[in-house]
Amino acid sequence: MTIAEMQEEILRIKKEKNICILAHAYQADEILEIADYVGDSYGLALNARDDDKKTVLMCGVRFMAETVKIISPEKKVILPAPDAGCPMAEQLDIELLEALKAKYPDHTVVAYINTTAELKTICDVCVTSSAALRIVKNIDNDKILFIPDPNLGKWVAKQLPEKEFKFVNGGCPTHCRIMKDEAIKAKKAHPDALLLVHPECQPEVTELSDYAGSTTGIMDYAKNSDKKEFIIGTENSIVSHLQHMCPDKLFYPLSKDCVCHNMKLTTLADVYNALLGKTGEEITMDEDVRIKAKKCIDKMLELS
Ligand code: 13P
Ligand code: SF4
């Protein structure tokens, strides 16, 4: 079967079985083409809330599939590539966070959505990269314990000097690979280009950017800008998606190393086989964990 034939079959089966396919923007082109919705973590969460199909296939990483299950327990949620996890979501465990909460009892615990459902049960509010600034601004407390990404946290903190932040060590291994030197070099090589980065990048990289935002934010910014050249500081699939969408503009990857292997684990064949019920994992969750984790996602939706 060719890629095009497989895509045709996927579209036919998903229509016949009334299945919703969600895809994070870091997925491969051939997956984006058969998805019902493509977006950033925030957009995926909203779609999970609003779509009424009973089965959802989440092409992304585990915490994204868990988020769908937390919001919509009545849905059957399938992760087509069960090994696709976000390493950052595993960086903090319950014991460590409990110890931090005991150390900073007056702080509101803000969890990046890239966390496990279990960890969310002891956090106060979730954020995504696109809504983090808005949400933290709206929190009725000026003491914030931001976990697990210190880079996103510092980007938010810089814009909210009235609040006091505590961070933990960690971050996204993919975005942390981008070095300040690469940003300086890329800007010199492409003096007319704007540098657009994801706030998961290290602060010294983000500081050099013309715009920092979520994956959807970066794509919208580039699409709507009058400028013709852009250096993209996020997962490199965004470079090719943008080049495909805006053929009259030029896009350069800030670093060839910015590839998230976990996001690349889902193949079109995985999607096809998962639709047929042959492979993939159905997400299950302890109801107590789900209810507690949901509080923190509900708070995110309320404050954003
Ligand atoms: P957003 O798509 O929300 O910007 O997040 C990026 C990311 O790394 C997802 O894991
Ligand atoms: Fe996790 Fe980073 Fe990959 Fe996103 S890009 S899934 S934060 S490792």
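The shell around ligand 1 in this predicted model comprises four nonpolar, eight polar and two charged residues, where Ala, Val, Leu, Ile, Met, Phe, Trp, Tyr, Cys and Pro count as nonpolar, Asp, Glu, Lys and Arg as charged, and the others, Gly among them, as polar. In total, 14 residues surround ligand 1, and Asp40, Ser41, Ser129, Ser214 and Thr215 are the closest; a residue is near a molecule if its C-beta atom, placed from the backbone, lies within 6 Å of it.

Ligand 2 likewise has 14 residues around it, with Cys86, Met88, Cys172, Thr174 and Cys260 coming nearest. Its shell holds eight nonpolar, four polar and two charged residues. Domain 2 (88-172 + 290-303) and domain 3 (175-253) each supply at least three residues to the shell around ligand 2, the domain bounds being taken from an automatic or database domain assignment.

Turning to the sheet, five strands form an open arrangement in the order 2-1-3-4-13, with mixed pairing; strands are DSSP runs of E, at least two residues, and helices are runs of H or I, at least four residues, numbered from the N terminus. Strand 2 (37-39) and strand 13 (281-282) are the edge strands, each pairing on one side only. Pairing requires at least two DSSP bridges between two strands. Strand 1 (residues 19-24) and strand 3 (residues 55-59) are joined in the parallel sense over five bridges, and Ile21 stands opposite Leu57 in strand 3.

Residues are numbered from 1 along each chain as its sequence is written, while chains are lettered from A and ligands numbered from 1 in the order in which they are written. In this predicted model, local features need pLDDT of at least 70, side-chain atom pairs count only at pLDDT 80 or more, and totals for chains, interfaces and linings use all residues.
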